[in-house]
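Me: I am new to this structure. Please walk me through it in short questions and answers.

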Amino acid sequence: MANPIELIPLLVVVFLLVGVQGGPVESIEIVTDGTHTVSEMPDVYVVGGGTTTIPANASVSGSVYVIGGTAVLEGQIDGDVTQLSGNLTVASTAVVTGNTQYIAGALDIDDGATLGSFTTAETLAAQSTSPTRGYVFLAAQTLALALAAGFLVRRFEFAFVNAGQAVTAHPVVSGVVGLLVSATALALVVFMAMTIILIPVSILGFGVGVLTVAYGYLVYGYLVGQRLPIDRPDVASAVGVVLFAIGLELVGAIPLVGSLVQLGVLVVSLGAVLVTYFGLRTFEPVSLPA
């Protein structure tokens, strides 16, 4: 049986994809163990473990997501098939009318299989990303954050002071809180999305999380700006965001270690934002009696 905890990150991706597609979803099924032969399928069918087979004489309608285990497609699937992990076999008798998308995992497609379209992560990256476009996007994102920092610091500098103090004076506590909240929120988003009707709520929660992380990003920009020879705090914060973004990007270029440092920095800022109630109050750690 697949470990449900290990599947949570991929389930988050699945539910986000389902939400982004925007089509009506009335039913969903997630299998994590056992052997299944499927002749009827819900709107969304997630293979997380075990072995699932759609036999050659079956015609099903819905979207199939493979995030673990083994999926064997022999019949007709009127919908999309997306593989994020696990094992996927598409037999010569299989017909997939929608898009078959491969991201990761072990994939075997027989020569006679009929696919509406087939894309891979490399194909999508080649279609949507180029070095120039990536730099333009990064520059636009940094500019937007810099403008947001300038605007918010001008009006609510006290909030950045409080959150910044939590980052610099209590990084361990902030980091632990940020890590725990991230893990808990991730699980909560997945379990809400499993109820189908709460998928919009889970997407909203994900959006709130992104905004909270962005706020923490601005806090670092404020801290950097305080060390610059610029009198105006709003302008200093905007410049600080740009310098912080450049520094974080350079650190991220270091293999493995860079990504861990980036993650740690953002987790600490997330915790600092939360323990200060988004900067509305100063964080005072609990003092244990002697």
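Me: Is Tyr-277 buried, partly exposed or exposed, and at what relative accessibility?
Reply: This is a predicted model, where local features need pLDDT of at least 70, side-chain atom pairs count only at pLDDT 80 or more, and totals for chains, interfaces and linings use all residues. Residues are numbered from 1 along each chain as its sequence is written, and side-chain values use heavy atoms, with hydrogens and water left out. Buried means under 20% relative accessible area, exposed over 50%, and partly exposed in between, with a 1.4 Å probe and protein chains only. Tyr-277 has 47% relative accessibility, so the class is partly exposed.

Me: Where is Tyr-277 found, and what is its phi?
Reply: Tyr-277 sits in the segment after helix 7. Helices (H or I, at least four residues) and strands (E, at least two) are DSSP runs, numbered from the N terminus. Most residues other than glycine have a negative phi. Tyr-277 is not a glycine, yet its phi is positive, near 55°.

Me: Which phi value does Phe-278 have?
Reply: Phe-278 also belongs to the segment after helix 7. With a relative accessible area of 38%, Phe-278 is partly exposed. Phe-278 is not a glycine, but its phi is positive, about 60°.

Me: Is Thr-276 buried or exposed?
Reply: Thr-276 lies in the segment after helix 7. Its relative accessible area is 0%, so Thr-276 is buried.

Me: What is the strand order in the open sheet of 5 strands?
Reply: Strands of a sheet pair through backbone hydrogen bonds, either parallel or antiparallel. Two strands pair here if DSSP finds at least two bridges between them. This open sheet has parallel pairing, and its order is 2-4-7-10-12.

Me: Which are the edge strands of this sheet?
Reply: An edge strand pairs on one side only. That holds for strand 2 (35-37) and strand 12 (106-109).

Me: By how many degrees are neighbouring strands of this sheet turned against each other on average?
Reply: Axes are lines fitted to C-alpha atoms, for helices over the stretch in contact, and angles run from 0 to 180 degrees between N-to-C directions. For this sheet average, direction is ignored. The value is 10°.

Me: How many bridges join strand 2 and strand 4?
Reply: Strand 4 covers residues 51-54 and pairs with strand 2 in the parallel sense. Thr-35 is bridged to Thr-51, and Thr-37 to Thr-53. The count is 3 bridges.

Me: How many bridges join strand 4 to strand 7?
Reply: Strand 7 (residues 70-73) runs parallel to strand 4. Thr-51 stands opposite Thr-70, and Thr-52 has Ala-71 as its bridge partner. The two strands share 4 bridges.

Me: Which residue in strand 10 is the bridge partner of Leu-73?
Reply: Strand 10 (residues 87-90) pairs with strand 7 in the parallel sense over 4 bridges. The partner of Leu-73 is Val-90.

Me: Which side chain makes a polar contact with that of Thr-52?
Reply: Thr-52 is in strand 4 and is buried, at 3% relative accessibility. A polar contact is a pair of N or O atoms within 3.5 Å; within protein, one must be able to donate a hydrogen and the other to accept it, and residues adjacent in sequence count only if both atoms are side-chain atoms. The contact here spans 3.3 Å, and the partner is Tyr-45.

Me: What distance separates the C-alpha atoms of Val-44 and Ile-30?
Reply: Val-44 lies in strand 3 (residues 44-47). Val-44 is buried, with a relative accessible area of 3%. Ile-30 is 14 residues apart from Val-44 along the chain, and their C-alpha atoms are separated by 8.5 Å.
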